[in-house]
Amino acid sequence: IYLDKDIIAGNPDQAINLIIHELMHAIYNQYNLNGKSSEEDIVNAMSNGITELLTRTDLLNWINNKLKP
């Protein structure tokens, strides 16, 4: 995932929203959610994916860094 430098520098909230949005697409594909009709299956996969990202990557540090004044 690549972010435009202007988005990162100009609006941290927008950068965070964009990265989470794109990561949701990645989770959707990773957990093979295409065609799943159960809301519970989709929500469970998304929460598992976000938990993995927050605990096994530097995403949380990046978000916290962007939120600092």
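**A note on how the helices pack**

1. Welcome to this structure! Helices α2 and α4 are roughly antiparallel to each other, because their axes cross at roughly 160 degrees. Angles over 145 degrees count as roughly antiparallel, under 35 as roughly parallel, 65 to 115 as roughly perpendicular, and the rest as oblique. The two axes come within 9 Å; axes are lines fitted to C-alpha atoms, for helices over the stretch in contact, with angles from 0 to 180 degrees between N-to-C directions.

2. Before going on, please keep in mind that this is a predicted model, in which local features need pLDDT of at least 70 and side-chain atom pairs count only at pLDDT 80 or more, while totals for chains, interfaces and linings use all residues. Residues are numbered from 1 along each chain as its sequence is written, and side-chain values use heavy atoms, leaving out hydrogens and water.

3. The protein has four helices and zero strands (DSSP runs numbered from the N terminus: H or I of at least four residues for helices, E of at least two for strands). The C-alpha atoms fill a box of roughly 40 × 20 × 15 Å along the principal axes.

4. Where do α2 and α4 meet? On the α2 side are Pro12, Asp13, Ala15, Ile16, Ile19, Ile20 and Leu23, and on the α4 side Leu59, Trp62, Ile63, Lys66 and Leu67. This contact (heavy atoms within 4.5 Å) has 10 nonpolar, no polar and two charged residues. Here Ala, Val, Leu, Ile, Met, Phe, Trp, Tyr, Cys and Pro count as nonpolar, Asp, Glu, Lys and Arg as charged, and the others, Gly among them, as polar.

5. The pairing of α2 with α3 has its own geometry: the axes come within 9 Å and cross at roughly 120 degrees, which makes α2 oblique to α3. Leu23, Met24, Ile27 and Tyr28 of α2 touch Ala45, Met46, Gly49, Ile50 and Leu53 of α3. By class, these are eight nonpolar, one polar and no charged residues.

6. The largest nonpolar core has 11 residues, among them Leu3, Ile16, Leu23, Leu33, Met46 and Leu59. Such a core is a set of buried Ala, Val, Leu, Ile, Met, Phe, Trp, Tyr and Cys residues joined through side-chain atoms within 4.5 Å; buried means under 20% relative accessible area, exposed over 50%, and partly exposed in between (1.4 Å probe, protein chains only). Two or more residues each come from α2 (12–30), α3 (39–56) and α4 (59–67), and α2 gives the most, with four.

7. Finally, have a look at Leu33: leaving aside residues up to four places away in sequence, Leu33 touches Tyr28, Asp41, Ile42, Ala45 and Met46.
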